[in-house]
Amino acid sequence: MEKSHPHSHGCTHCACNNPVLKILKEELFSPENLAKMKPFSGAKIKAKPQPIMISGGTIRPMIGGSTDVVEAIGIADGHVVATGDKKTVKKIMDQKFPGYQKKELSGTQTLLPGLIEPHVHMVPTAMMADWLDVSPFNGQDLQPIYDLTSVGAIVNNNIPKIPGYVILGRGLDPSLMPFVVKADGTKELQTIDNTVLDSINDQEPIMLLSASMHTLYLNTKALQHVYQHSDTLKNQYKSADEYILATRGQLQESPEMTPALKVVMVQIIAMSIHINKYLTELFQLANSRGVTFMYDAGLNKGFEKLLSLYFKTHHEWVRTGGAYICSSQEEADQLDAYTEPDRYKPVYYGHVKVVSDGSNQGLTGYQSTPYLCDPANNTGIFNFPQNGIPAHTIPPGYNTLINTVVARKGWPLMVHANGDQAVTFAINAYQRTLAQYRGPELRNRIEHCSLLTADQITNMVQMGVSPSFLIGHVGYWGYAFKKVIFGEKAQMLDLCGSTLAVGMRITLHSDNEVSPLGPLRMMEQSVTRIMEKKTTSIEVLNSSECLTPEQALIAVTYDAAWQCYADKWVGSLDKGLFADFVILGQDPLSLKTQSSQYMKMRNIPVLETWVGGIAVYENQNVKTKTEKV
């Protein structure tokens, strides 16, 4: 049986609609496994925040989205009680909180509201922490050398010691490997298939998951192993050779990935049992990069239950909320009517999430015209197709789904849309449903919103729909987009400046672990728009779309909180809000912004991160001074 594989470079979707977790959700979140993941019973011990007054250095509370500086801030019971001049704040603290602590910042040290990641995937990231990291990233930077040789070295240096175990890796990204030059001089992305992986190791079974978890690459040994242990595949293919010939080691989406993952199910579950430890490490990494709030863009009941159990027995390193993933009309029909969250609780729901297409760097974002690179005539995928509906016509079923979520159930919506045709469909669907919606104003979003036109921006601002940009598309993947994937169409990518110019509120996100956590890095990429894969000289992608540092800071604090329905609690240090803040070694608004200079904003030291008036991270290399009054 022969199958066609139109996306020969693999489908690198957003992690939101992750087939690995869809396949594993019953096993991973079974009562037995959840019991194993919970390290102890009983309530966690809560530390009591002490009243403190902080002054000196540079303090930007971002009240009302303003970047103005104040002299001091007073904190008590985990909340902000005063900001302003030092004399006034001291008077309030002396009168209401005698015996408070005092912290004096020095030199360039800068206090800001805690930084926000408005689109991440916490459980999938933690669940796969034990898989081999074969990604192109070293911290927040691209690896200086990332190719098949470097990936092969990681694989061959980590052969499992347990007999029968398969080598499991995550984060493989062919789009960030060196381009392949064809005989006619044109450039293509690196293709990964079973023969390519065989050149790395043909003796051990290898399964490598693409960066966003939607393509599984297998070598021949792994394909044989999977076929031998899968009754499903034996009923579908006459032999292992036929299976190998049909798939070429490129298993895409749940139907093709499921049989392979079922074969290694026991191994995956064994690697996931300590997920609480991996969640803690994820949150502590976030703290070390100044993050105090994370919004999950793909929650389901299992994720919510796991995270809720975690926060019952663990310190709250970060605030958390998210969007409930909705993949079908049946799921939309089952939604309860929406109620806007008015009181913070860990893992609250703010939105419903719909994933309409794939990713542009994976050649699966849904486009109006074909990608420039192979395979020929590829316009990506749309997740809600209908038979008989032309490619550029919005499917009625997609409209019905969006209408159910917004107009019938009253939920704010996040639509994942990367390709320009997917963005067009999302905007059209919003227009139809908002014409029928009768209720309070909703903070509807388009996630990634990668390729935009001036007309689309106008439509979005008129509807009150805001974009959240995966700004790594410019910094990390921009060069590949410009040189191989899109050509001049790359000028449409992440139009941050244009959207702000018409009065929209925007945010920046990492889609972790599609790209690394780090709002300072995201600010840098939005300010410089330097394409990092090009190392011989500095090249900026569409400099007219560069943000100012002030605009970038608002996007990762004040507006990010607003977009996530969290502005009642975080995003600024206004009186009454949570005392969630970060102390940096340098003010990110003080750096030079010439296009000829790589700002390295991402390398500003995070000295301390505080959540609810309690320090959750302290840089051991630099200490700030605290004393009692």
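In strand β19 (residues 445-448), E447 is the bridge partner of H416. From β18 the chain crosses through helix α16 (residues 420-436) to β19 in a right-handed β-α-β crossover. Right-handed here means that, with the strands pointing away from the viewer, the path from the first strand over the helix to the second runs clockwise. Helices (H or I, at least four residues) and strands (E, at least two) are DSSP runs, numbered from the N terminus.

The model is predicted: local features need pLDDT of at least 70, side-chain atom pairs count only at pLDDT 80 or more, and totals for chains, interfaces and linings use all residues. Residues are numbered from 1 along each chain as its sequence is written, and side-chain values use heavy atoms, without hydrogens and water.

Strand β18 (residues 413-417) also pairs in the parallel sense with β17 (residues 348-355), over four bridges, and L413 is the bridge partner of V352. With helix α15 (residues 396-408), these two strands make a right-handed β-α-β unit. How many residues of β18 are buried? Five of the five are, so β18 is largely enclosed by the rest of the structure; buried means under 20% relative accessible area (1.4 Å probe, protein chains only).

Strand β9 (residues 167-172) is likewise largely enclosed, because six of its six residues are buried. In β9, R170 stands opposite D133, while G169 stands opposite L208 in β12.

Key
Buried means under 20% relative accessible area, exposed over 50%, partly exposed in between (1.4 Å probe, protein chains only). Two strands pair if DSSP finds at least two bridges between them.
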